[in-house]
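Thanks for coming. I will go through one model this morning, starting with the overall picture and ending with the charged pairs.

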Amino acid sequence: MKFRKEYDTIGKINVPNDKYWGASTERSKKFFDIGEIYVQKVLIKSIAIIKKSAAIVHKKDKQINSKIANAIIKASNDVIKGKLQNNFPLKVWQTGSGTQTNMNVNEVIANRAIEYLGGKLGSKKPVHPNDHVNKSQSTNDVFPTAMHIAIALETKSKLLPSLNLLNKELMKKVKVFKKIIKVGRTHLQDATPLTLGQEFSGYQSQLQDCITRIKIAIKEIHYLAQGGTAVGTGINTKKNFDKKICREISKLTNLNFKPSNNKFAALAAHDSIVNFSGTLNTTAVCLLKIANDIRFLGSGPRAGYGELNLPANEPGSSIMPGKINPTQSEAVTMVCVKVIGNHTGITIAGSQGQFELNVFKPLIAHNILQSIDLIADSSKNFAKFCVSGIKANKNKIKKDLENSLMLVTALAPTIGYDKAANIAKKALKNNTTLKAEVIKSGLMNEKEYHKIVDPKKMIQPA
């Protein structure tokens with residue numbers, strides 16, 4: 001491998017000739033070689049969007065030579081389109097402000113722009129990573145702005161479409177199952193009946209509420225820290241730079257971004273992300289309940305609840321032939337546990353905003369983007385490969401309903417709670433039916449029994 005000499009304020013260092021990064025990136029590779037998790041592509045893309053937007057503003061305001069600004073814009077486009085992806089080798093675990101990643105992007109864009117202008121890589125001429133690419137910016141406002149852009153982009157393009165897909169599949173099941181009456185369960189014990197459609201309507205309503213919460217929480221994410229620079233004062237920027245760059249970012253992303261109402265809060269705290277993560281945490285709780293219920297209701301085929309027939313996507317055992325497992329549910333539940341853990345990390349990290357800067361930004365960015373990605377992918381798969389193919393096992397549902405002792409609840413208003421309880425206990429003890437014990441007791445005849453104990457009348461108020 002051939003190297004070139006690049007330099008920064010620390011001194012000179014060897015950088016691979018075939019890479020566009022510079023001295024800061026090379027040092028970070030050495031000093032922060034921690035773990036195997038790299039900074040997400042969407043965060044790099046978001047930082048490049050900021051660099052492009054800044055160059056556009058500086059060109060319009062004649063603060064940077066048009067030739068240099070155009071080269072920065074062109075180089076930024078290459079990063080945004082993912083053409084230079086192998087030039088971003090840094091890990092998540094770095095300085096708490098994300099300075100190394102911001103400089104990584106600055107250096108790559110600067111060297112790519114230098115190349116476009118016919119200059120020498122690493123010379124910092126005619127494009128300087130700090131003086132030109134990072135002009136009117138600080139890592140302290142770039143990184144939180146990039147976090148917000150990435151969250152907004154991923155929520156719009158992945159998270160909400162996936163959750164909406166699952167929501168639609170659940171709505172379909174609500175309609176298909178609306179006339180199938182089954183045994184209800186509370187405390188894992190038999191309870192009064194409901195329809196399978198009603199049961200699924202509970203799942204769908206839960207998820208719809210989660211989608212609504214996410215849509216509300218994302219509104220806060222559209223306020224950006226950009227323009228606050230080092231500590232929130234906006235030093236080294238011109239008046240209204242924050243408004244101008246937000247307009248350019250909005251054009252590039254087709255999202256409505258605005259300057260944060262208070263830059264000091266935007267740099268020192270990430271409460272809006274903690275709040276947004278809270279909606280993902282609630283969504284994880286919702287999906288965990290839904291996936292587990294479906295997993296249990298599909299258990300069997302002979303020794304479980306067996307009310308649902310789940311799609312058979314793949315063999316379930318390497319030793320038991322013919323075994324099929326609820327794998328989509330299991331994947332979703334594991335994702336949910338991870339997202340709940342991520343939220344705990346974000347919550348603690350969000351509290352680490354000592355004085356003018358929160359120094360847990362890379363962790364927050366990684367956790368929130370991972371949670372978005374995991375919920376989006378697992379929800380889409382769950383909708384396509386499980387929920388859409390669920391069938392009701394009508395024979396098993398009917399058998400369990402007819403054998404349910406909790407139908408006795410319908411008798412209580414007529415014969416009284418105590419007598420009804422006694423009937424249920426006798427039926428359980430004697431392994432007989434409620435009807436047999438009621439008739440045997442002389443409390444009513446068969447005709448009277450069927451008139452009162454009708455599951456169709458028990459699934460809604462009288």
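What follows covers the fold in outline, then the salt bridges.

This is a predicted model, so to speak of local features we need pLDDT of at least 70, and side-chain atom pairs count only at pLDDT 80 or more, while totals for chains, interfaces and linings use all residues. Residues are numbered from 1 along each chain as its sequence is written, and side-chain values use heavy atoms, with hydrogens and water left out.

The protein chain has 17 helices and eight strands; these are DSSP runs, H or I of at least four residues for helices and E of at least two for strands, numbered from the N terminus. Along the principal axes, the C-alpha atoms fill a box of roughly 100 × 50 × 35 Å.

Of the 462 residues, 51% are buried (buried is under 20% relative accessible area, exposed over 50%, partly exposed in between, with a 1.4 Å probe and protein chains only). Take contacts, meaning heavy atoms within 4.5 Å: among those between residues at least 6 apart in sequence, 73% join residues at least 24 apart.

Now the charges. There are 69 positive and 35 negative side chains, with Lys and Arg counted as positive, Asp and Glu as negative, and His and the chain ends not counted.

How many salt bridges does the structure hold? There are 19, a salt bridge being a side-chain nitrogen of Lys or Arg within 4 Å of a carboxyl oxygen of Asp or Glu.

One of them joins Lys158 and Asp377, with the closest N and O atoms 3.3 Å apart. Lys158 is in helix H6 and Asp377 in helix H12, so this pair ties together parts 219 residues apart in sequence. Both ends are partly exposed, Lys158 at 24% and Asp377 at 32%.

Another is Glu307 with Arg185, at 2.7 Å from N to O. Glu307 sits in the loop between helix H10 and strand E7, Arg185 in strand E3, and 122 residues separate them. Here Glu307 is buried, at 1% relative accessibility, whereas Arg185 is partly exposed at 26%.

Then there is Lys263 with Asp242, at 2.8 Å. Lys263 belongs to helix H9 and Asp242 to helix H8, so the pair ties parts 21 residues apart in sequence. Lys263 is buried at 11%, and Asp242 is buried at 18%.

Definitions and conventions:
Charge placed at Lys NZ, Arg CZ, Asp CG, Glu CD.
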